[in-house]
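The structure is shown first, and the comments follow it.

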Amino acid sequence: ASRSMRSLEAVRLERSGTCSAETCHVVVEEAVSIDIEGLGAYTLMCTPTDALPLAVGFALTEGIIRKVDDIASMWECTHTPGVIRLVLKDPSKVNLGGRNLIVNSSCGLCGSTETVEALLSNIPPVRTTRLASLDAVLAAIENMRDSQRLFQHTGGAHAAALFDPSAALVALAEDVGRHNALDKAIGQCLLSGFSTAGCLATLSGRLSLEMVV
């Protein structure tokens, strides 16, 4: 077992009506709090691995930051498990009023006070585009599936992966929630200094509006 999964003693019920004892693995879902100094905190229900990439990716996709350089410092608290602290260079430019402070792992726009029209009006223009062949897309999906270790053990985790223009895998993350998995993958790239411009993203779950914008 690890921080991402736990072993449980379960009972398997067969169609024939017989029962048998079995050890199985289940994916972990816990609360992780992203505390932004001077602004407040978000509590995310997620799989508590890749916590720093999750915090940075979430801050970007929520519009709290525009680039990783907007963060003055960040760290995972050693004395308080499950708490990530971010200090922004200019917190006066940030408005955290658009979302509830507790975000479930299944949440997309739930908890948001913005209308769809207001959300769409704030989308920055796309500066780069990429065309990918069907073969490249299918190969990327297969590559992601082969790398889904948590799913292979539990059958209960989503995944998101980013591939560069040459179709090389540059980031992959798994989580009980599909939004969290994507934020983790984006955060991995931000922290490593890798530009996501022109990248191809693959996801194990459905692609909803807020994940595109």
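This is a predicted model: local features need pLDDT of at least 70, side-chain atom pairs count only at pLDDT 80 or more; totals for chains, interfaces and linings use all residues.

1. Residues are numbered from 1 along each chain as its sequence is written, and side-chain values use heavy atoms, with hydrogens and water left out.

2. An open sheet of 3 strands is arranged in the order E9-E8-E10 with antiparallel pairing, where strands (E, at least two residues) and helices (H or I, at least four) are DSSP runs numbered from the N terminus, and two strands pair if DSSP finds at least two bridges between them. Strand E9 (169-175) and strand E10 (200-203) stand at the edges with a single partner strand each, so one side of each has no neighbour in the sheet. From one strand to the next the twist averages 15°, with axes being lines fitted to C-alpha atoms (for helices over the stretch in contact) and angles running from 0 to 180 degrees between N-to-C directions. Strand E8 (residues 158-163) is joined to E9 by 6 bridges, and leucine 162 has alanine 171 in E9 as its bridge partner.

3. Two helices lie across E8, E9 and E10: helix H3 (residues 134-146) runs at about 55° to E10, while helix H5 (residues 178-192) runs at about 145° to E9.

4. Helix H1 (residues 51-61) is largely enclosed by the rest of the structure, because 8 of its 11 residues are buried, buried meaning under 20% relative accessible area, exposed over 50%, and partly exposed in between (1.4 Å probe, protein chains only). The buried residues of H1 are Ala51, Pro53, Leu54, Ala55, Val56, Gly57, Phe58 and Ala59, and what covers them includes strands E3 (30-36), E4 (40-46), E5 (71-76) and E6 (83-88), together with H5. Glycine 63, with a positive phi near 80°, follows H1.

5. The model holds 6 salt bridges, each being a side-chain nitrogen of Lys or Arg within 4 Å of a carboxyl oxygen of Asp or Glu. One of them pairs glutamate 30 with arginine 6, the closest N and O atoms being 2.7 Å apart; glutamate 30 lies in strand E3 and arginine 6 in strand E1 (residues 5-13), 24 residues apart. Arginine 85 and aspartate 35 form another, at 2.4 Å from N to O, and since arginine 85 is in strand E6 and aspartate 35 in strand E3, the pair ties together parts 50 residues apart in sequence.

6. Are the side chains of aspartate 175 and lysine 184 buried or exposed? Aspartate 175 and lysine 184, which form a salt bridge of 2.8 Å from N to O, are both buried. By contrast, arginine 85 is partly exposed at 25% relative accessible area, as is aspartate 35 at 24%.

Methods: Contact means heavy atoms within 4.5 Å.
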